[in-house]
Structures are given as C-alpha cells and as structure tokens.
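Subject: Structure handover

Hello,

Here is the structure we spoke about. Please open it alongside this note; my findings follow below.

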Amino acid sequence: MTPISKKVPDHIARMIRVDQAGEFGATRIYAGQLAVMGDRGPDSAEIAGMAEQEAGHREKFDELMARRGVRPTILQPFWDRAGFALGAVTALIGPEAAMACTAAVETEIDDHYSRQLDRLMETGEDPELAAMIEEFREDEREHRDAALAAGAERAPAYPVLSAVIRAGCRAAIGISQRI
C-alpha cells in the first residue's frame, strides 16, 4: 500500500483518476438503464448484477484515490448526467440497444485497461494498481460477453450505435485523465 504522504507519480495518478471516472460512469449508465427498464426488462437482472459489480470497482478506486491523495476528475458532475442519459436513452430504444451500449463501453474499457496493464507490467511499477486493473478487466470482459450473448448486435443500427458510443468512451478517457 502506498501511504498518502508519498507523492504519486503523475502517470499513475492519471491512471487512477480515469479508472475511477470510468467506473463511476459505468454505474451511472446502468442506473439510467434500470430507471427505464425497472425490474421488468428481459435483461434487468443481468444489468443489476453488472451495476453491483461496477459499484464495487468504483468503491475500490475511491478508496485508492483517498489513500493516495489523487484528486477525482472535475468533470464528475458531467459524467454523472451523461452516463445516466446514455443508459436511459439506450434502454428507451430497447433491450438490445441497452446491451449494445454495454458491449461498446466494455470493449473500450477492455482495450484501455489492457494498455494500462501492459505499461504497468513492463515497468514493474505499482503491483497493487496492476492487480486491480487485471481483476476489473476480467469483469468488464464478462460484461461485454454477456451483452453480446443477450443480443447487443441485434440493436437497431448496431454498427453506428456501437461506433458512436466507443468514440465517446475514448474521448471521455482522454479528457478524464487530465481534467
């Protein structure tokens, strides 16, 4: 464990900041989907389970940030609303669109976590963060696979919907690392 008094290298602080923001955003996307679908949707139980897992990821990143003195992104209020809106809109389109959203987001997070993990493994730095990222990446892959199995690719205009959501994720990642 890194004591709060020890200066966290900037690149590690950026990793923690963006990962916490991403997990926060994921909880908001699922909240938006569940607000529309309630417990009546065909995938509501699956989404609620994913939401619970994402909340656990966020909690662990919150603890890590506090312990290491890493500030959160100042855009958190924006990600709160944007994530909820994305979840609600995709759920309003239909269950397959909600799953398409999950598949797109989790595909980008898998790529993002893999790049971070590669860097941490190459340098051998921050084994605690590397272990968290590796564990959470596996959960995100399971979410993506479950969404695909639930019919994500049957969503209306799936290729366009997926591409737009993935581009938005990449932008959010880039912005949240610094701001």
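**Helix packing**

Helix α2 (residues 44-68) packs with helix α4 (residues 95-123) at an angle of about 30 degrees, and their axes are 13 Å apart. That makes α2 roughly parallel to α4. Angles under 35 degrees count as roughly parallel, over 145 as roughly antiparallel, 65 to 115 as roughly perpendicular and the rest as oblique.

A word on the source. This is a predicted model, in which local features need pLDDT of at least 70 and side-chain atom pairs count only at pLDDT 80 or more, while totals for chains, interfaces and linings use all residues. Residues are numbered from 1 along each chain as its sequence is written, and side-chain values use heavy atoms, with hydrogens and water left out.

Conventions for the helices are these. Helices (H or I, at least four residues) and strands (E, at least two) are DSSP runs, numbered from the N terminus. Axes are lines fitted to C-alpha atoms, for helices over the stretch in contact, and angles run from 0 to 180 degrees between N-to-C directions.

Back to α2 and α4. Their crossing is left-handed (the near helix is turned anticlockwise from the far one by less than a right angle; clockwise would be right-handed). From α2, the contact (heavy atoms within 4.5 Å) takes in Glu-46, Ile-47, Met-50, Glu-54 and Phe-61. From α4 come Met-99, Thr-102, Glu-106 and Tyr-113. By class, the contact of α2 with α4 has five nonpolar, one polar and three charged residues. Here Ala, Val, Leu, Ile, Met, Phe, Trp, Tyr, Cys and Pro count as nonpolar, Asp, Glu, Lys and Arg as charged, and the others, Gly among them, as polar.

Next, α1 and α5. The axes of helix α1 (residues 10-37) and α5 come within 12 Å and cross at roughly 30 degrees. The two are therefore roughly parallel to each other. α1 passes α5 in a left-handed crossing. On the α1 side, the contact is made by Ile-12, Met-15, Ile-16, Asp-19, Glu-23 and Tyr-30. On the α5 side, Leu-129, Ile-133, Phe-136, Glu-140 and His-143 take part. The residues of the contact of α1 with α5 divide into seven nonpolar, one polar and three charged.

Then α3 and α6. Helix α3 (residues 76-93) packs with α6 at an angle of about 170 degrees, axes 13 Å apart. That makes α3 roughly antiparallel to α6. Trp-79, Leu-86 and Thr-90 of α3 meet Ile-165, Ala-172, Ile-175 and Ser-176 of α6. The contact of α3 with α6 divides into five nonpolar, two polar and no charged residues.

**Salt bridges**

The structure holds 15 salt bridges (a side-chain nitrogen of Lys or Arg within 4 Å of a carboxyl oxygen of Asp or Glu).

Asp-110 and Arg-144 meet through their side chains in a salt bridge (2.9 Å, N to O). Asp-110 lies in helix α4 and Arg-144 in helix α5, so the pair ties together parts that are 34 residues apart in sequence. Asp-110 is buried, with a relative accessible area of 8%. Arg-144 is buried as well, with 18%. Buried means under 20% relative accessible area, exposed over 50%, partly exposed in between (1.4 Å probe, protein chains only). A network of salt bridges links Asp-110, Arg-137, Glu-138, Arg-141, Arg-144 and Asp-145.

Asp-126 forms a salt bridge with Arg-68, with the closest N and O atoms 2.5 Å apart. This pair links distant parts of the chain: Asp-126 is in the loop between α4 and α5, Arg-68 is in helix α2, and they are 58 residues apart. Arg-68 is buried, with a relative accessible area of 4%. Asp-126 also counts as buried, at 13% relative accessibility.

Arg-58 and Asp-62 form a salt bridge (3.5 Å, N to O). Being four residues apart in helix α2, they are separated by about one helical turn. Arg-58 is partly exposed, with a relative accessible area of 25%. Asp-62 is partly exposed, with 30%.

**Positive phi**

Asp-126 comes up again here. Its phi is near 55 degrees, a positive value in a residue other than glycine. Phi of Ala-157 is near 55 degrees, also positive in a residue other than glycine. Ala-157 is in the loop between α5 and α6 (158-178). At 52% relative accessibility, Ala-157 counts as exposed.

Best wishes
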